[in-house]
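Welcome to this short briefing. Please take a look at the model below, and then we will walk through its salt bridges, strands, helices and surface charge.

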Amino acid sequence: MSIEQYFSSSGPLAQHFKGYKPRLPQIEMAVAIDGIVKNGGQCVVEAGTGTGKTFAYLVPALTNNNKVVISTGSKALQEQLYHRDLPSLVKALQKGKKTALLKGRANYLCTYRLNQHVAHVPTDDPDVMHQLAMVAKFATETQSGDLADCVGIEEDAKVLPYVSSTADNCLGKECPDFSECYIRKARLKAMEADLVVINHHLFFADMAVKDSGFAELMPTADTYVFDEAHQVNEIASDYFGETISTKQLQDLVNDIRVIYLSDIPDMLQLGKTLNKLTTSIADMRLVFGADGARGDWREALQDKVICEALHRVISNLDFLYKVLKLCLDRSEKIEHPFERVLAFKGQLERAFEVTQTGYSYWFETTRRFVTVHITPLEVSRRFQELVTKTEAGFVFTSATLSVDNSLTHFNASLGLKPDFHKIVDSPFDYQKQALLCLPRYLPETKDELMPHSLVKIAKSVIKAAQGRTFLLFTSYRVMHLVYEGISTATEYPVFMQGQSSKRIILEQFVRHGNAVLLGTASFWEGVDVRGDALSCVVIDKLPFASPDDPLLQAKMKDAEISGKEPFEDIQLPQAVIALKQGVGRLIRDQSDKGVLIICDNRLVTRKYGETFIKSLPNMTRTRDLDKALNFLENIDKHET
């Protein structure tokens, strides 16, 4: 059976899925991908929302004999693909293909570490103690060891570092639980499967491991399909660079402390040394000030206080190395952390070497930790080499790859020379289904009156839409100000990012059916709310990255040196793709109707505003907020 026949009105998809209709853009995309799966090469497709891109790559993957690895940008899509889309499609096509889900190491339960920390609870934090008990119960019931299945344990749960392993602390074949290891089982299943679902982070982690000459984490494939491919460049940058974090260092201290308490409690010198190192790690965070921030690491090294704090950590790490040397014959468990201490000392010493060109040296601080990043400014050459070396076919797809109706920026960023590339328009009738409003008489985006105007617009929009609104922000500060302004001024439930995990907040939003949700960057993409629960998306301003961002500054400087135009080549494309992601939350199927409101005058006052408008779906446009409110008041989602 040809690919076209699978998608025809009498084919297996039409017979199995209620309401299925053949869509030419989907068929065209599937035919192109089928060619790559059969013969190799590169294919880049921007598939507008509603094209059906998931089936367009899954059908060729399931109907050919070659091994296919599908990589997604988020765990949410990974779960959806494996647990929802794949089983229904395998059933429809009646293909007896072996499929596997493979996640990164941190997603799986490590029974060895769980047992260690249950025997010697690592902290008196009641949250961690309660969560340890929950994971211990889960350990007696699970087949897969996938911590996503552990009820009550969210993605950011405090207990996770204590019950999962990292590449640093995994004992590998020396682990007493090696034969029962969940990661090992998941990898073996992936090796035997015809189709494996992974995520971008795992793909690059695997490539980094292969580069260092170690065994791979995942199987080699004939074809790699990257969904949510707009994220690939940024994730590749992280893996082609180097990261040094005080969190990793504190995790190492915690691991050594468990061995100290369980195996060599009489080695008091070790306990004192660990305490001293813990203090110096905390002190290093304190010298960066209380707020979370990003900055230029080269500039930070000009500060004598920061250098002294870093030297103290290195000195205490060196002393810990000497103490552990004395403990080597007391416990065989010491050997692995002993090597990690030496590796960390080398990494921290390298943090002073900031002369290599082509890299950005930057740091970021969270409430408790400092991370130093050494990030390559462009990854196209490295990525191109990787693609050539694997000799596999590569497919890249997303709803947001193009800028100003061109894929040139995306292709250049990864060094791609695709055999097939196309922008496939969405089948939705945006002229009828959606209205884009750029309200008049708004203050400038940096004006202190802007949050007040946003509150005013939000109140009128929420009333007209009867809740059912996303308010998306580019800054936490403005989000909190607007939340304060509307949370008690509306009869509808109001949820804000940070109050609970992303998954729980979204579930609550959908369940209420008439709620309001405020979110920043992480809610701009990968969020799928279909039907009546969402009628309006309000965006506070164009999502340009902060001009203070050290990585952005370095990329712009590098572009200038190369004779490129920093704004046109770096800032604008990033912002356009981010805006397209936010806009994509609104219309998710053919019966959806809604209003998009962008509260940024620059869309009409600056020349680059045209680039943003041309990159968005072709909606009916207005500057009159009353027209938008009228559209919302008259939405009847059941009429279409």
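Asp263 is partly exposed, with a relative accessibility of 29%; partly exposed covers the range between buried (under 20% relative accessible area) and exposed (over 50%), using a 1.4 Å probe and protein chains only. This is a predicted model, in which local features need pLDDT of at least 70 and side-chain atom pairs count only at pLDDT 80 or more, while totals for chains, interfaces and linings use all residues. Residues are numbered from 1 along each chain as its sequence is written, and side-chain values use heavy atoms, with hydrogens and water left out.

**Salt bridges**

- Asp263 pairs with Lys333 in a salt bridge whose closest N and O atoms are 3.4 Å apart; the term stands for a side-chain nitrogen of Lys or Arg within 4 Å of a carboxyl oxygen of Asp or Glu.
- This pair links distant parts of the chain, 70 residues apart: Asp263 belongs to helix α12 (residues 246-263) and Lys333 to the loop between α15 and α16. Helices here are DSSP runs of H or I with at least four residues, strands are runs of E with at least two, and both are numbered from the N terminus.
- Lys333 also counts as partly exposed, at 29% relative accessibility.
- Lys103 and Glu79 form another salt bridge, at 2.3 Å from N to O. Here, too, distant parts of the chain are linked: Lys103 sits in the loop between β3 (99-101) and α6 (111-119), and Glu79 in helix α5 (residues 75-93), 24 residues apart.
- Lys103 counts as buried because its relative accessibility is 3%.
- Within helix α3 (residues 24-39), Lys38 and Asp34 lie four residues apart, about one turn of the helix. Their salt bridge has its closest N and O atoms 2.7 Å apart, and Asp34 is buried at a relative accessible area of 11%.
- Over the whole structure, the search finds 26 salt bridges.

- How are the faces of strand β5 (residues 223-226) covered? Thr223 and Val225 are buried on one side, and Tyr224 and Phe226 are buried on the other.
- In a regular strand, side chains alternate between the two faces of the sheet.
- β5 pairs in the parallel sense with strand β2 (residues 68-72) over four bridges; pairing requires at least two bridges found by DSSP between the strands. Phe226 of β5 is the bridge partner of Ser71.
- β5 also pairs in the parallel sense with strand β10 (residues 393-398), again over four bridges, and Val225 stands opposite Val395 in β10.

**Covered helices**

- Helix α4 (residues 53-63) is mostly covered, with 11 of its 11 residues buried. Among them are Lys53, Phe55, Tyr57 and Leu62.
- Ile3, in helix α1 (residues 3-6), counts as buried at 5% relative accessibility. Ile3 and Ala32 are 29 residues apart in sequence, with 9.9 Å between their C-alpha atoms.

**Surface charge**

- Which residues gather in a patch of negative charge on the surface? They are Glu174, Glu332, Glu335 and Glu339.
- Patches are made of residues with over 30% relative accessible area and no salt bridge, and like charges are joined within 9 Å.
- Glu332 lies in the loop between α15 (304-327) and α16 (335-350), and this residue is exposed, with a relative accessible area of 76%.

How values were computed
Patch = residues over 30% accessible without salt bridge, like charges linked within 9 Å, V, L, I, M, F, W, Y side chains within 5 Å. Areas by Shrake-Rupley, 256 points an atom, 1.4 Å probe, with all protein chains shown as cover. Lys, Arg positive; Asp, Glu negative; His and termini not counted. Charge placed at Lys NZ, Arg CZ, Asp CG, Glu CD.
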